[in-house]
Structure formats: C-alpha cells, structure tokens
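Subject: Structure handover

Hello,

Here is the structure I promised to pass on. Please open it first, then read my notes below.

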Amino acid sequence: MPKLDFDVITLGHGSGGVLTNKLLKSGVFDLLKNPLLDTHHDGAVFELNGKTAFSTDSYVISPIFFPGGNIGELAINGTVNDLAMCGAQPKYLSLSFIIEEGLKMTEFWEVLVSIKKAADTAGVQIVTGDTKVVEKGKGDKLFINTAGVGQLMSKANIDMNQVKPGDKVIVSDSIANHGIAVMSIREGLEFETSILSDTRPLNGIVGKLIEEFGYDIHLLRDATRGGVASVLNEIAQDAQVGIEILQKHTPVDPEVEGACEMLGLDPLYVANEGVFMIIADAQIADDIVQMLRTFEGSKKATILGEIVEGHKRQVILQSAIGGKRVLNMLVGEQLPRIC
Amino acid sequence: MPKLDFDVITLGHGSGGVLTNKLLKSGVFDLLKNPLLDTHHDGAVFELNGKTAFSTDSYVISPIFFPGGNIGELAINGTVNDLAMCGAQPKYLSLSFIIEEGLKMTEFWEVLVSIKKAADTAGVQIVTGDTKVVEKGKGDKLFINTAGVGQLMSKANIDMNQVKPGDKVIVSDSIANHGIAVMSIREGLEFETSILSDTRPLNGIVGKLIEEFGYDIHLLRDATRGGVASVLNEIAQDAQVGIEILQKHTPVDPEVEGACEMLGLDPLYVANEGVFMIIADAQIADDIVQMLRTFEGSKKATILGEIVEGHKRQVILQSAIGGKRVLNMLVGEQLPRIC
Amino acid sequence: MKFLSEYRNPEIVHQYIDELHKITTKEWTIMEVCGGQTHSLVKNGILNILPDKINMVHGPGCPVCVTPLNLIDKAVHLAEDKGVILCSYGDMIRVPGSKKSLLEAKATGADIRIMYSPLEAIKIARENPDKEVVFFAVGFETTAPANALSIIHAEREGLTNYSVLASHVLVPPAIEAVMNDSDTQIQGFLAAGHVCTIMGTGEYEPLAQKYNIPIVVTGFEPVDLLQGILMTVRQLENGEARLENQYARVVRPEGNPAAIEMLNRVFQMEDREWRGLGTIPNSGWNIRTELEAYNADIKFNVNILKVPECADCIAGQVLKGIKKPFECSQFGTNCTPEKPLGAPMVSSEGACAAYYHYSNAGDEVNA
Amino acid sequence: MKFLSEYRNPEIVHQYIDELHKITTKEWTIMEVCGGQTHSLVKNGILNILPDKINMVHGPGCPVCVTPLNLIDKAVHLAEDKGVILCSYGDMIRVPGSKKSLLEAKATGADIRIMYSPLEAIKIARENPDKEVVFFAVGFETTAPANALSIIHAEREGLTNYSVLASHVLVPPAIEAVMNDSDTQIQGFLAAGHVCTIMGTGEYEPLAQKYNIPIVVTGFEPVDLLQGILMTVRQLENGEARLENQYARVVRPEGNPAAIEMLNRVFQMEDREWRGLGTIPNSGWNIRTELEAYNADIKFNVNILKVPECADCIAGQVLKGIKKPFECSQFGTNCTPEKPLGAPMVSSEGACAAYYHYSNAGDEVNA
Amino acid sequence: MCLAIPGKIKSIELQYDGVVRMAKVLFGGITKEASLEMLPDAEVGDYVLVHVGVAISKIDEEEAQKSFKYLEEIGEIDELVEHSQIDRNGGRCPL
Amino acid sequence: MCLAIPGKIKSIELQYDGVVRMAKVLFGGITKEASLEMLPDAEVGDYVLVHVGVAISKIDEEEAQKSFKYLEEIGEIDELVEHSQIDRNGGRCPL
Ligand code: SF4
Ligand code: SF4
Ligand SMILES: [Mg+2]
Ligand SMILES: [Mg+2]
Ligand SMILES: [Mg+2]
Ligand SMILES: [Mg+2]
Ligand SMILES: [Mg+2]
Ligand SMILES: [Mg+2]
Ligand SMILES: [Mg+2]
Ligand SMILES: [Mg+2]
Ligand SMILES: [Mg+2]
Ligand SMILES: [Mg+2]
C-alpha cells in the first residue's frame, strides 16, 4: 500500500477537492492503471464494433470480507458473469465506490488489490470509475457498483425464446457455497467451517462452451441471489415452460449440506457466485457436462432436470424419495429457522 | 403509481425472490419499458459501432428531493453529461438502485418518474439495471448508480493534450445554483429561497457546439463536485498549463451570491449539475459564447479567463478589484463558516 | 450426515410405502402434531406417495403460528424502543402482528437481531451494556429449556440488561383441545419427537387411553414419518389405541431430566392464549415470579391493547385439522406467504404456507 | 447586495490604493486583528496591490485558531458519547485536537451537527429530548451574545438537555498580549469591526494611549479595509496615535447595549488559555456559576489530560505578528490545510491557511 | 472572524407571547430568520447586520455614505464616484 | 417445530470454572458450539441432538438400527436393506 497521511476515509475524500485528488493520485488507484483508465476524465473512450452486451450490478454484501473472498472480486466477477451469461466476452468495466466515512484505508486497499486481481484473471479492463463518501451511519463500509460492456460471441444465441420442452437443465457446480460461507460469519449464527465463497469469473468456461456448442446452448443464467430455485422459476415464467428437476441430482457439498440442515435452509434457495445454469439441447447435454467437469470450478456439473410440456410456469422438484412438490419462488429472504 | 400491497420497501424486495419479482413486475418498472430493457436478463444486447465513450457515477445526494429536482434526474443527467463531456452522444444507460429498507414506495415512484422523464429528455434508453435493498441504517434512503455508453461524435476531438496557452476558458452558465439549492434545505442551515438546482442534460447543446466548432473545442468538463475551481485546477495540473480567470466575469445569480455571503462560501467551489467549462481556441471563443446564450440553460455563458504560459499547474484568480490570488483546490468539503 | 441420511434412504422409504399400501384397508385421518413433521412431509413429497386412504392433517405444533397477536405487538413495541435490541429466531420475524411484523419494524429502524440460539442473545447483552436486550422466546417444550438456560446464564453473569419475552406453549393441552372439539375427525396422532425428547412419553399414555386413540412418538425424517404412520395405521387397522415410540434413538420414556429441572427452576405453568385456538388452561409456561426481573413483559410493563384476529381467517379450524387450508376463502388470494392474514401462512411450517409452498395447490394461485 | 457591493467597487478601491501610494513614505507594520479581515485581504488580492512599504500582519482574531487543544479534546470526548449530539460551527470541526478533530470523530461515528446559529442547536435539543445536545460555542465578543442567547432560550423553554461548551475570548487582552511582547513590530491596529459592533469603542481609546499606537475600527469589505489602512497610515505618517472608527455605519461608540446586557447575564470573565499564546488573564468569558446547569464542562465533568502543543509550530509568534507563516519550518511541508499542525492552518482565516490558500506561497509547496 | 452580513427586514413575528421578536431578513434574494432580541427598536424595512442568526446592529445609511466621501473630505481627490454594481456578466475577456 | 440435528462431539471445554460445559459439535463438516448443560454425561465422540445451540439428547446407536429392522420384525418383508448414502452426484438425467 502506498504511504498515506490518513488511516481512514473521511467525507473530504469524496468532496471532489484536494483530498479526493490525493486519494486518486496517491498511488492507491495506480494499482488499476491501464492506458484507457484516466481517473480525471469524465469517461473512457474505446473502439467497439458489433453486438454489444451491457450489464450492471451493485454489491452491498456485509461483511465486506468473507471466507473465500471480498466485495471487490465479487463486484468484478458478478458483472463479468452477467455479461458472460448474455453470451458476450466482457471487455471493459466501470467501477464505482460508495464508501462509508471511517472505512480503514487498509481494508480499502485490500479490496482494491482483489479487484485488480479479479480483473486480470477475467481479462477485463477497468476503464472508468467514481468514488463517493457518505456519512458514518449512512452506508455500510463499502458498496461497489460495476457496469460492463462486452462483445457478443459470434456463435452465441442465448435467448429465452430458444428454451423448449425436451431441453436439459444443467447446473455447473455444487451449489450454495457462497451464501453459506457468508452466513457462517454472521452475528448470531457463526459457525466454524472451511466452506468458501465460490466467486469466480465464468467468462472463460462460457467462452469454451459457446465455441464448442454454439447454437445448441439456449440459455445461460448465473444462480446468484435467490439461488437455483429462483433462476429456474424465472425461466419457467419468462419462457412459459414447465421445469422438472431431481433433488438427488442436486450437487451439494457435505459441509454445505450440514450447514443447511443446522439452519433449516434449502440449498436450492441459497446464493451462489460461481454457479450457472445452462438450458441446452438434450442431444449435447451429456457432452456439456463432460466438458464442464474437465474444468476447475465446474467439477460437479450435472444434469439437474429438463424442460417439460406440462405445468407451464412451474418448477417441480422430484424429492430424493420420489415424491413431487412445487419448487416455488422464495418469499423475502431465506432466514434461518429453528422450528 | 400502480397499486401495490406494500407501502415501504423492505429487505425482501432485494432478496431475488417473490418480492423482488413482484417489485419488478408490479408495473413499477413498466414506466421505464423499452424493447431493450428486460429486467429478467443478465444484461442488454445492442449494436454499437466505432468510438465509444463509457462513464459511470454514483449518486448519494441527501436529501433525495431538493429544490429543482431529485436524485433520479440527477443520476440520469450526470452520466449523460459525463458522456457529453467526452464528445459523445449518450445512447444507453444502466440504472442501479441501492435502497435503504423503509423507503416509501411513493418516494421511489416519484424518483422513477423523474428518471423516465430525464431519460426521455436526454434521448437515452435505460437498458439494464439492478435493485438492492440494504438494512435500515446501512444506507441513506436511496443511492443510484448509472453507467452509460455513447457514440463519439465524428467531429469531436476532446483531449487534454489539445489544451494550449491562448485558449479561452468558457463557463456555460451562472454557477453554484445546485449546491446552494441543496444546502438551503439542510438541517441547521435552512433558508428560504427560490434557488433551484440546475440539473439538466447537456448532450443537446454539446452536440450543437461540436457540430459547429468541431476540432476547435479542446476540452469539455462539467463543473460538478468541487465546482468550477476544482475543475480548473484539475485541468491546470493534468494539462500542465497555467490558468487565469477573472472574478468579475464569474456569472453568479444574485440569490446565490446572497446565500454564499451568508454561509461564507465561495461560489467557485460550490457544485453545479448543469454548468460546464469549455476550453476552446481563442478565435472561436466569442462565437461559442454567442451560440450558448441562444439556448435555455446557458443564457449566462461567458468567457471566464484563459490558458497561459506562466505559473504551470496553477489557477490564478484576478479579483474584482484587480488583486491576484491563487485559486487552490478545495481541502475537504466546503463547510459554512461563521467566522 | 450420520443419523440423517440413513433415514432418507429411498429404498427403505419405498418398502414402508409398499407396506402401508398393503395394510391400509379403510380411510384414516391422522394428525402429525408437529410443524417440523408437516415440513418434512411436504418437502419430501411424502403426501403424494401415501395411500389415498391415509389423510394427514397438520396440527398446531408450530410455535410461531400459535404465538398470540398481542405478544407480537408487544415484541414490536419493545423493538421500536431505541434503547432495546430485540433478538429472535428467524421464523418469528415475518409473523404479522395487528399492525406490523418485526420485519416491518426492522425496515423502519428497529434494532432486531436474528439469532440461532438464546445463548447468542446473552452475548449481545454482554457486549451492549448500555442497551436492553430482549429475547423474544417462542417455542414448545423442546425450545423452552434453552430459553430457560439463557436466563440461568444471565443470572450467573449478573447481566441486568437481559430479559425474555416468553411465549412457551405445551403439546398435551393442544392435543386435548383438538380432541375436545366436537367436529374433530382425528383418529390417530404422530406425537412430536423432539418435544418428547425433553418431556418423555409419560404424558401421552393417559391421553391415548382417555381419547381411545393411537399416539406414536415420531421423528422427522422420511423413514421416521413413514414408520410412525405405519405404526399408527397398524393400530387403527387392528383396533388398538396405544402409545408407541418410533423415535427411541432419541426419546427416552423419562425425557431429559436435566432439562426438566431447568424448566421447573425458571418457568411456572399458566393459562395461555393460542393464536387461532383461544385460551387453553395450563397450556403454557411463563417466567417464575422469583425471576420476574428477567421477564420483559413485567420489566417494561408493556401495555398493548388486544386486537381481535382477522375474522376471515379459519386458522383455528386448520390448526385443529377440521378444515384444510384450501377450504379457507382467503387462501392464496388475500392470504399468501408474502402477505399472510393468519399465522399458519407465515412460518414455512404453518399448515397454510406448507400447502401453498410445496403442494400443487400453489399452481392455481400462481397462474 | 446593498451595503456590500458598494464597498467592493473597483474604482473606489483604486482611488484608495492611489491615495495610499501617494502618502506612504516609510515602512509601516500594521496588524489587522480580525481573521475575517485577513480573509478579505487575501481573498480580494489586496495584499499584492498595497504599497510595498505597508506590511500587513495577521492577528490572533480567529476564534477557531485560538481555541485551546484541551477544549477540542473535550468536545471530541463529548461528541463520542453515544448519548450526545454535539453541535458546532462549520469552521470548528476540522481543527485538530491532540488526537483527532471533530471531523475525524464524526467519521468514526460521533453525532456531530454543523449549525449556522446556536438557535438551531436549541431546536435540535427540543426535537431530541432523549439526547444531550451540547453546543461547542467558540467566538469573540461578536459571537458570544448569540451563544448567550441560546442559553436564555433554553432556560425559558425549560430545556434540560441543552448545554454549552464555551470558548469565548476577548480582543483587548489579545492586543495587550501582542504589544507586551518585546519582539513586537506592530505600529498600528485595524480593530475588529464586528467585535466593536457589540462592545463599542470605549475599550480601545485607552489602548491607543497606553501603547501610543493608532487603532482604527475597520470593516471587512475592500473599501473598508483600504480606508482603515489609509486612516492608520495617515496617523502614522502624521505621528498621531488615536482611535478612529472607519466602520461607523455599523459600530456605535457605546456598542449594542442589549447584547452587552445578555453577555453580563450569562457570562463571567475569567483567565483563559489561548492556543499558541498561553494563558492571558481576564481574557475570556465562561458561563456564570448560577447557570452552570448549562455549562457542558461542569455538567459532564469532562476530565481530559492536557497535552502540550506541537513544539515545531510557531503559531504563537505568527498570531502575534512576530513571524510570517512561511518562516515556520513546517509550513507547507508537514503542515498543510489537509493535515494542519497548528490552528492557524485550519480555519481558512487562520494566518497560515490564508497564506497557503490565497498567496503564491502555495505555488512552491504544490509543485 | 465574525462573518456578518447586511440584510433588510421583510417581516417580524412575535414568539413566546411577544417575548421574542424573530425577523425574516432578506439577503440579496434569500430569506433567513434572525432574532431581533438584541435590536429592540429594529423595524420592517431596516437594514440590519446579522451574525449567526442574530441581528446585532442597524446600519446607518448616512454613515454608510462617508466611505465614499472620505477621500474628498481629506481633500485628496477631485471626483466622487457613486456606488455602482459590479458587472459580473461581461462576455469579452480582457486578459 | 423444533429443528434439531444430530452431530458428533469433537471436543469439550469447561467454562465458568467448570460450571458450564460447552462442546464443539461436528455436523457434516461444519462445527458449531453447543451447550452440554442438559447432557451432563455426554462425552467426546458421542452423537447428540442439538437444538438452538443446546444438546438435548444422546443418540442411541442400537435403537437407531431398529427402524431398519422394523419391517423385518413385523414379518412383512424378506430382505433388510442396509443404510446407504444418497448419490447426489449422478450425471445422467433419468427423467
Ligand atoms: S389461508 Fe390464511 S386466512 Fe386462511 S386459514 Fe390459513 S392463514 Fe388463515
Ligand atoms: S505553518 Fe503550521 S506549524 Fe507552522 S505556525 Fe502555522 S500552523 Fe503552526
Ligand atoms: Mg463530470
Ligand atoms: Mg447485472
Ligand atoms: Mg448479477
Ligand atoms: Mg464521478
Ligand atoms: Mg463448488
Ligand atoms: Mg445474473
Ligand atoms: Mg462519470
Ligand atoms: Mg460525473
Ligand atoms: Mg442484478
Ligand atoms: Mg443558471
């Protein structure tokens, strides 16, 4: 970390004056330097041609550091992944901070380092940004927004209208790790575990899938907030199809299962950051799973179920013992149950 | 406003489940509907060719409603203007909300209506978005981030390296209205006034300027946070030039001047939202001013000063009575003085 | 996980199912008393693989569902006091009071913390000496000892800023209330395995005799539930009415003596109001008079007007098993998990919510 | 604005400048007592259009600058108490205490509100009956009456949650301190127009005589300052040493009797420590013993260890006009407005900050 | 120190049964409340000097002119310049 | 109601001079503290049932087997199936 004459970030660092300038020029942001990023311009300019994907997300996770990651890499991977889910190769990201007064510079630095690393890993450039500081008690340490643009891959044909009965539903890896990792350090619920967030960029593997299977991949969706169940319900409703999945095919790591049992949570509703769903032609579903399993981060890929003619707009889960039930959308947040 | 069965926004509305879906599909966001915006996708896809500008800003203004506007139109105009300052015509915007639990739906709706109106006025489309809800006390009613992409105008040549001694410094309108309008309703400082924020989109007028004067416009910069003085200091430092300005040419509305006197503020450091600075070739400076003055929102355009050889990296102000002083960057926030 | 996964084994489940199909000759109506059992039945899709002749009815054993409106209003009132941190279990915070739920109070600024354990609330009290920490303690006999333990800890540590708003109800009086209703259809009970873990089985033998009804103490996993149902149906088919213990790996006849001692030390029995059921004599526990310094209700002397429950909600009949949730005029229309009218729609174990969430009943309303 | 813009008229300013150039024959060192005058001199660039022979020295009249370290530490301590809302004027919150400034305390969670008027603090107290509202009241004679008025309002309204941490200092003892220093170079004073608005001019006549020095009560606009300087130089050139009043449109010889009455009702005189100058006898006001319920220092009995001021900071000499800010070894290097070592670097009227901000001195350090 | 600015009393309101007189004071187009408790004889239309929300002095119009006559009085200049507004809106740059 | 799950005691710590016994209990790979105050004779290695942070019962291994022998006992089936793990990682879709 560069030497600074302040330990915490104060309102002045967001005022647009000397302190803002100092923060920008102190070397703190040098970490992110690249030819396009000029923190003193109003925006970045670059050449872009053809079909372009554009996405944004704000990251408000608390605590900002959690087992397996922090808010910084989450913010990069999240938008990288949303672009990848569009069938695009992410290229340029914007990065905007809302800092609560009093954030320790050491913590901010740690987040920045993760951002840098995540951007490099995903192969994206951060080209424009913004820093705001809000009063103590008017924020939660650090919120991050990223937006990103990417170029659509030529073979990509991701479209809700492509989803049709007979298609298979594939999940890329074991689920619920991120949500449980974060919960494991939440006040009042803490438990000891080696469960880590699964935050990771998915553009690499998605690029390979599209390269290989192109038009036969009908839909991609990362299973973040609300988990697998929410994504499937959205698809069922938006594509006006029925979905059937098998509980016994749901990949859940044993530790995650233990935590879910303890807290009374259903892993299908728990957030992921590095898991995505693929709706693909039945013909290639097994090949997709085979390919996914050759990559780190998708070793537990599996066919979870399929798109069906019946029960339009509904997701039906066949339980491990063979019973069936509707897998509804979650109401509100999933809270730990005791009863 | 569509009929809803809730009055305030709660955490559940950001959980990714039924409530999030309800909020998205309740008609609340229908207001922003356009063929590209699909709130259920991970991003928007559109065609884009050539030089592209990309910019972001987060808006954390408190209170969210202020004389002359609200955080919604600010968020649209702000990013529209940053793109315009790059010499680009803004096209697509992302829109991301961080809502503090307990925000009244009526207030959120009012903000959305302003967003819609501002986007229409500026001629931009909101194509992708995000909604997060944070716990009460972890936010400040509403933060908004927008990012935007725009296409560079063919005749634009906005570049710090173009700035050269002899160039004129033009200010587009009377200054400090926004900052003073916001301060006029701040607890402990309130005063009665008809001063309104000057928030407005600048892409229209910038488009006309570039169309008319093209390469002779060397730099554009909106004088937001930190005001005119901060922008000039940034230019002086980044372009390695000296700047001289004349206090008596500074356009300040009488009401704003009164408020600044009362609070001990220097209008040159007060934030604007619809004022921009132009660094242009001396030959066309008067023509620019004449053109600006024919448009609403830049009736008080004036030549404020010029780029000089001497005192590199410094801005010198010649006071109304002819004395000179350094116009430094602001340290921290400008606070009302009593002494 | 050991002692869990074995009891989810599909093959064993199907042997039980086959056996049930084989022996069931008549229609039988059986109530699973405990909400956790309801949850497991619906979550595992057991209801739609049972013989059609077996009709499972969801009992009142969801502490969240039966917590009276007035007590929730009190919790909301306390939570909205700036000096108070209100701690509660996750399930409780969505339950609607007469004006709002704890979740809504939280949305407008109340300091409400979700806890896994009452011992965590003690930690909060220790770390916030300038605040009053109130634990909103709901629960049947299973949970009451842990809540009692928190008071014992507070006493030992000399914490004067910790108190408990107690809502503890008991299973046997609820079974009696169900059986005393002239409309009752119930022919057998699955008693709540974890309640009996604490209390033992001694209270249930007399009930089986008094009402001439089979009672099987049952666990929560698919194999447990199916074995419990099989044991009940066997009795019914054989014309028996005994107490049996399916869940002997955990439940001893005498219960847990250390827990019972703690209960007696901290609580005294009292008449208690049940949401949807009205007041049942000697049906709950409250903090003993000697320990009233830890009784939030007395400590803060909260006076909140009693508001009548929603007239259209037939929660009482649902909880007694007289009506099914979808027989309620409000089910799925005015009453949904996002906007529950009555408590059984709130907790995911509430009978109405369970039907809404996990059964095809949801289909019609979602469409 | 009437009564402002006329006094900024460039032509009249230049007539005064011309006249000054015409009559000034020797080097003269004149102190403008008041920080507001310093601010105006530098902001309007007057210093670089004055005759070279006139040497303006910035006096100690910046209440923010002379507030002792220990009192800031007390304010920080009070502000960090969860039950306290600390109100203060905007200038005060950036002044460094021994460990931190109020701004830094705010950044880590203290509830600190910036006020335009002490009467706004009364409003805060009225609206927050469950909090203690402390007004950190700094100021010379100009500001003290308003602060006194807030106590009178609190008394009238019966507010028991309002108190004042007072730091009121007086100009005449400061002038004496400057003149009593054997190193002093000062040959004439511009007295502080707004202080005299309250107190009148009666105290200054004896000082002019005692130290045989011209004193001109002066306003704050360019024309005022130049006329004040001209009047002083005329006396000096003529060998006179009288009191004159340049600011008669506002300042009456008797001052403001209603304000003086309020001061006497609320405050009593005491010895006072000045940051950079040490303790000066009878140089400040504190709240009268009868009103000590409104004295935050007594009410909260804040005991904070006194910490010595930074040894390298020559603020005392700067405030007395013995040294210029840029003669300080720390100026612009270790001591900048973002990270001030001493109080004169904090307030934009502090002599060091004024030099840093508005003069070319900033050039070298910024480069 | 002691930032105080001149403004014109627009209206006066009695508070606390007349114990407190609060004025609305106009400063170049903005209006701010100020206490008149230290100026018992100030009336609507008067120009007063306001510091931290309290009016501390009435401005004497006659005395106000003296600054513009002073140089004339001391016999040093020939012409008296009347007070004039500062032109803030000129378009041409004289630098 | 009364979500309680079985876990294995990993270690036991005495708190408050031995008045309170706190255990670290292993649940399928995660560890959580639980009070043993209601199970005075529970030891490391025991399987206990934990509810809201309190261990409320020791699990009886012998009784645990009975559910798998019950059908055999009541003479209704021929073969006893040993407990087996559920396969959660199968790749092929049987739908
Ligand atoms: S559906 Fe709703 S209204 Fe009807 S009984 Fe259930 S909780 Fe009551
Ligand atoms: S420059 Fe800083 S250290 Fe030096 S006298 Fe001024 S305040 Fe003190
Ligand atoms: Mg900008
Ligand atoms: Mg997105
Ligand atoms: Mg996303
Ligand atoms: Mg920005
Ligand atoms: Mg995994
Ligand atoms: Mg996504
Ligand atoms: Mg921007
Ligand atoms: Mg901007
Ligand atoms: Mg999103
Ligand atoms: Mg304007």
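I start with one residue in chain D. S101(D) lies in the loop between β3 (84-88) and α5 (102-107) of chain D. Helices (H or I, at least four residues) and strands (E, at least two) are DSSP runs, numbered from the N terminus.

Before going further, the ground rules. This is a predicted model, in which local features need pLDDT of at least 70, side-chain atom pairs count only at pLDDT 80 or more, and totals for chains, interfaces and linings use all residues. Residues are numbered from 1 along each chain as its sequence is written, chains are lettered from A and ligands numbered from 1 in the order in which they are written, and side-chain values use heavy atoms, with hydrogens and water left out.

Buried means under 20% relative accessible area, exposed over 50%, and partly exposed in between (1.4 Å probe, protein chains only). Setting aside neighbours within four places in sequence, S101(D) is in contact with V76(D), I93(D), R94(D), V95(D) and P96(D). Contact means heavy atoms within 4.5 Å.

D18(D) is found in helix α1 (residues 10-23) of chain D. D18(D) is partly exposed, at a relative accessible area of 45%. I49(D) is 31 residues apart from D18(D) along the chain, and their C-alpha atoms are separated by 9.9 Å.

In chain C, look at S150(C). Helix α7 (residues 144-157) holds this residue. S150(C) counts as buried, with 0% relative accessibility. Beyond its neighbours within four places in sequence, S150(C) is in contact with P118(C), L119(C), I122(C), Y162(C) and V164(C).

**Chain C as a whole**

Chain C has 16 helices and 11 strands. Its radius of gyration is 20 Å, close to the 21 Å that the globule rule gives for 367 residues, so chain C is as compact as a globular protein of that length. The radius is taken over C-alpha atoms, and the rule is 2.2 Å times the number of residues to the power 0.38. Along the principal axes, the C-alpha atoms of chain C fill a box of roughly 65 × 50 × 40 Å. Of the 367 residues, 68% count as buried. Take the contacts in chain C between residues at least 6 apart in sequence: 76% join residues at least 24 apart.

The accessible surface of chain C is about 12200 Å², and 47% of it belongs to carbon and sulfur atoms. Accessible areas come from the Shrake-Rupley method with a 1.4 Å probe; for residues, only the protein chains shown count as cover. Chain C has 32 positive and 45 negative charges, with mean positions 3 Å apart. Lys and Arg count as positive and Asp and Glu as negative, while His and the chain ends are not counted. A charge is placed at NZ of Lys, CZ of Arg, CG of Asp or CD of Glu.

**Chain A as a whole**

Chain A has eight helices and 13 strands. Its radius of gyration is 21 Å, close to the 20 Å of the globule rule for 339 residues, so chain A is as compact as a globular protein of that length. The C-alpha trace of chain A spans about 65 × 55 × 30 Å along its principal axes. Of the 339 residues, 71% count as buried. The accessible surface of chain A is about 9900 Å², with 48% belonging to carbon and sulfur atoms.

Two loops in chain A are worth a look. K141(A) sits between β5 (125-134) and β6 (142-152). Phi of K141(A) is near 70 degrees, a positive value in a residue other than glycine. The peptide bond from S62(A) to P63(A) is cis, with omega near 0 degrees. P63(A) is in the loop between β1 (44-59) and β2 (65-66).

**How the chains sit together**

Nine pairs of chains touch, and chains A and B make the most contacts among them. Chains C and D do not touch; their nearest C-alpha atoms are 10 Å apart.

Best wishes
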